[in-house]
Amino acid sequence: MSLLEDPMHPGEVLKELYLDRLEMGAIAFARRLGVPRTRIERLIKGMTGIIPDTALRLAGVLNTTPDYWVNLQAQYDRVLAADGLPDFRT
């Protein structure tokens, strides 16, 4: 399956593509963003999604755009929603 059909949760993207490469844990990263550590811990565990405030903060610290993070979340949510619907193509 492709990433478009089975996207990663934005928290998994954050951890694997950014935090692991920076060798930074959730607590240190939360401090850097100025958010509660639980927000980053829950995001990484896939227990919560990206909200606009988090998208703006991530973009500022990781040299991305807020749209990058919001779009990751929207794609993930769209696939989850589609999994619960019948296949209308048949």
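Thr54 is buried (under 20% relative accessible area, against over 50% for exposed and in between for partly exposed; 1.4 Å probe, protein chains only), because its relative accessibility is 3%. The model is predicted; local features need pLDDT of at least 70, side-chain atom pairs count only at pLDDT 80 or more, and totals for chains, interfaces and linings use all residues. Residues are numbered from 1 along each chain as its sequence is written, and side-chain values use heavy atoms, without hydrogens and water.

Thr54 sits in helix H4, which spans residues 52-62. Helices are DSSP runs of H or I with at least four residues, numbered from the N terminus; strands are runs of E with at least two. Beyond its neighbours within four places in sequence, Thr54 contacts Arg39 and Leu43. A contact means heavy atoms within 4.5 Å.

Leu43 is also touched by His9. His9 lies in the segment before helix H1 (10-22). With a relative accessibility of 9%, His9 is buried.

The protein chain holds 5 helices and 0 strands. Its pattern along the sequence is α-α-α-α-α. The chain has 90 residues, and 27% of them count as buried. Among contacts with a separation of 6 or more, 54% join residues 24 or more positions apart. The accessible surface is about 6,000 Å², with 55% belonging to carbon and sulfur atoms. Accessible areas come from the Shrake-Rupley method with a 1.4 Å probe; for residues, only the protein chains shown count as cover.
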